[in-house]
Amino acid sequence: MAIAFGLTAVDMLVLAIAAFAGGAFGASIGALPAFCFTGFMVLIGEAGNVVSESFVGGSPDVISGAAGGYGAGIVGPLAFGPVFGPHVAFAGGVAAAAYAAKYDGMYEPDDGDYHPAKDIAYALGTRPDVLAVGGVFGILGMAIRQTSGGLGVPIDPPAAGVILTAVIARLVFGYPVIGRARGSGLLDMSPFESGKMRSGEEVATDGGMAAERPAVEPWLPHQYKWTHVAMLGLITGILGAYIFAKTGSLFLPFGISAASLLFLNLGVEKFPVTHHMTLPATFVASMAMTDGASVLVALGLGAFFGILGALFGEVYQRIFYAHSDTHFDPPAASIITTTLILGILALAGVFTTSAAIPLP
């Protein structure tokens, strides 16, 4: 018998057990590598869907189910489920890094390094307590995702899990939710540009180690200037919309963006992060073309929402990332905002479908 959102007690237990393992595994390999695997799974699954007669990626059916299911086969259960769902594996890795940085589970930083808890590319290994933290937050992320989707909250459910678990981790482990601005305000990145340091402020990884940190720590040192991120949003938004127009896949552009972060993880300099630009661009292209819009209109809307996603991401990184001590994911926060806008537009009747955004 279903207890909530179409799930039985056994279903919930299975999801919780799998999410614990997924969150712990994300902590073990690191949050960013785990998210790269999300991208790989999306690419594999969507490639199969595109060539399959049962492809449902561009259909309204994709939002059916108790918790706003994402696609079929590999994409739903693996890429957006308890294995490599970002609300599980990535969220678990982020929370475990926040914990490990306080309890001697991270490297000791040098002067000029960011706080170690922000290093989501760092694999945390096999320490049981660190992995257990990842597992617990994996369960929490899955619960948030299921609840958000099941209630029909018009936002992206996995992104909700990523953001809420990050905030909870800051509160639980004693980090500031926002932090103190060291320039003229939260949006001011000039202290970073001038090389200003947080002199005398201790970075604690083992209870007693001190290192000087930059006064402001932009999420991506090569991707924070307003005009730069807007230009990036423009081109990736167009590409996301075009890929949808040619394949009918809601998630292939997101998968390309996520999988490409392997290169960022490997240390390729100035590699861009774009999934918060391609995802809303793809969604709006789907919604517009379902209502009969031309490809040209879809490309224009994709460009607009790509720029919007880029700028929202920059706003969120300046407020919630640059001044605090742990990772807060600007792309996930941006995706929540852009999907909320699209969900409201669908509810208002501007569009007749909502792509993969659940509706009440």
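1. Where is Asp104 found? Asp104 sits in the loop between α4 (86-100) and α5 (128-150); helices here are DSSP runs of H or I with at least four residues, numbered from the N terminus. The phi of Asp104 is near 55°, a positive value in a residue other than glycine. Most residues other than glycine have a negative phi.

2. The model is predicted: local features need pLDDT of at least 70, side-chain atom pairs count only at pLDDT 80 or more, and totals for chains, interfaces and linings use all residues. Residues are numbered from 1 along each chain as its sequence is written, and side-chain values use heavy atoms, with hydrogens and water left out.

3. On confidence, the protein chain averages a pLDDT of 90 (the predictor's confidence in each residue, from 0 to 100), and 90% of the residues score at least 70. Residues 53-71 have a pLDDT below 50, yet beyond near neighbours in sequence this stretch has 51 contacts in the model (heavy atoms within 4.5 Å).

4. Lys270 lies in the loop between α9 (252-265) and α10 (275-290).

5. Helix α8 (residues 226-247) packs on helix α11 (residues 295-321) at an angle of about 140°, with the axes 6 Å apart. Axes are lines fitted to C-alpha atoms, for helices over the stretch in contact, and angles run from 0 to 180 degrees between N-to-C directions. The angle makes α8 oblique to α11; under 35 degrees counts as roughly parallel, over 145 as roughly antiparallel, 65 to 115 as roughly perpendicular and the rest as oblique.

6. Among the residues of α8 that meet α11 are Gly233, Gly237 and Ala241, and those on the α11 side include Gly302, Gly306 and Ala310. The residues of this contact divide into 16 nonpolar, 4 polar and 2 charged. Ala, Val, Leu, Ile, Met, Phe, Trp, Tyr, Cys and Pro count as nonpolar, Asp, Glu, Lys and Arg as charged, and the others, Gly among them, as polar.

7. Helices α10 and α12 (residues 330-347) pack at about 15°, with their axes 9 Å apart, which makes α10 roughly parallel to α12. The contact has 9 nonpolar, 5 polar and no charged residues. Phe283 and Met287 are among the α10 residues involved, and Ile335 and Leu342 among those of α12.

8. The count comes to 17 aromatic pairs. Rings of Phe, Tyr and Trp (its six-membered ring) pair if their centres lie within 6.5 Å; planes under 30 degrees apart count as stacked, over 60 as edge-to-face and the rest as tilted. Phe37 and Phe40 have ring centres 5.5 Å apart and planes at 80°, so the pair is edge-to-face.

Terms used
Helix = DSSP H or I, 4+ residues; strand = E, 2+ residues; numbered from the N terminus.
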